[in-house]
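Welcome! Take a look at the structure first, and then read on.

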Amino acid sequence: MRVRVYVDGFNFYYRRLRSSNYKWVNLRLLSQELVQSDDVVEGIRYFTADVSSRSGDPDAPTRQATYFRALKTIPELSIHKGKFLPKKITRPLVSDPATFVTVHDTEEKGSDVNLASYLLMDAFCDSYDLALIFSQDTDLLEPIRMVKQELGKKIVVAWLDGGAPSKRLRSFADSVRHVSDGMLQRSQFPETVRGRGGSRIVKPNSW
């Protein structure tokens, strides 16, 4: 079957990769781990946003940019960027609910909407037989239902954390596959990746 892959980058990172030693993941290799050996991964859409320097982690943008360069060596992959919106929020302290504090925060906007839009557009254009989705965002349940029930496509959801998939998701998806440490380990880029023009892309030390 023709396979298209849809990756919510931040959902994937925070639910599966953040506490893992396998962040240098080749999404082409990992996707093939989650479908049948005779399925053909024809396209991968990676949805994300550029991070900014955070307190205590000023190298985050550099690491992310390095990973983007490695991902761009995958011919089938395209990167779709949303935005981080800075804002201030006021919340009560856990230790003292009567005391409120105001903090700086960021909100990632666009990835879920963009993923749902391309998932539906590609299905309408008959660009795939099977969609492999890396996300546990419940906002995607209705687009998944439409692709499955209205457009007749198959759906595989890559499950990212140790929780149990909802009954509603299981009723829409043809399969829910858990992303194991073994899959991640087998799907790593080499320590040094050859980029366009022969440039060297080296795995960040902190990864």
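Predicted model: local features only at pLDDT ≥ 70, side-chain atom pairs only at ≥ 80, totals over all residues.

In soluble globular proteins, nonpolar side chains tend to be buried together.

Leaving aside residues up to four places away in sequence, Leu30 touches Phe12, Val25, Phe134, Val179, Met183, Leu184 and Ser187.

**The protein as a whole**

Now step back for the wider view. The protein has 7 helices and 10 strands. Its radius of gyration is 18 Å, close to the 17 Å that the globule rule gives for 207 residues, so the protein is as compact as a globular protein of that length. Along the principal axes, the C-alpha atoms fill a box of roughly 55 × 45 × 30 Å.

How much of the protein counts as buried? The share is 44% of the 207 residues. Among contacts in the protein with a separation of 6 or more, 68% are between residues 24 or more positions apart. The accessible surface comes to about 11200 Å², and 49% of it belongs to carbon and sulfur atoms. As for charge, there are 31 positive and 25 negative side chains, and the centres of the two sets lie 3 Å apart.

**Helix H5 and its cover**

Helix H5 spans residues 141–150, and its buried residues are Leu141, Pro143, Ile144, Arg145 and Val147. What covers these buried residues includes H4, E6, E7 and helix H6 (167–172). Gly152 follows H5 and has a positive phi, near 70°.

A positive phi also turns up at Asp126, at about 55°, although Asp126 is not a glycine. Asp126 sits in the loop between helix H4 (111–124) and E6.

| Residue | Relative accessible area | Class |
|---|---|---|
| Ser187 | 0% | buried |
| Arg177 | 27% | partly exposed |
| Met1 | 40% | partly exposed |
| Asp126 | 42% | partly exposed |
| Asn205 | 83% | exposed |

Start with Ser187, in the loop between H7 and strand E9 (192–194). Ser187 is buried because its relative accessible area of 0% is under the 20% cut-off. Beyond residues up to four places away in sequence, Ser187 touches Trp24, Val25, Asn26, Leu29, Leu30 and Glu33. The C-alpha atoms of Ser187 and Arg200 are 13 residues apart along the chain and are separated by 19 Å.

Arg177 has its place in strand E8 (residues 175–178). Setting aside residues up to four places away in sequence, Arg177 touches Glu33, Leu34, Val35, Val156, Val157, Ala158, Trp159 and Met183. Arg177 and Leu160 are 17 residues apart along the chain, with 8.7 Å between their C-alpha atoms.

Next comes Met1, in the segment before E1. Which residues does Met1 touch, not counting those up to four places away in sequence? They are Asp38, Asp39, Val40, Asp129, Leu130 and Lys154. Between the C-alpha atoms of Met1 and Leu71, 70 residues apart along the chain, the separation is 23 Å.

The tour ends with Asn205, in the segment after strand E10 (200–202). Asn205 is exposed, because its relative accessible area of 83% is over the 50% cut-off. Asn205 and Asp39 are 166 residues apart in sequence, and 35 Å lies between their C-alpha atoms.

Notes:
Residues numbered from 1 in each chain as written. Heavy atoms only, no water. Helix = DSSP H or I, 4+ residues; strand = E, 2+ residues; numbered from the N terminus. Rg over C-alpha atoms; globule rule 2.2 N^0.38 Å. Buried < 20%, exposed > 50% of the residue type's maximum accessible area, 1.4 Å probe, protein only. Contact = heavy atoms within 4.5 Å. Areas by Shrake-Rupley, 256 points an atom, 1.4 Å probe, with all protein chains shown as cover. Lys, Arg positive; Asp, Glu negative; His and termini not counted. Charge placed at Lys NZ, Arg CZ, Asp CG, Glu CD.
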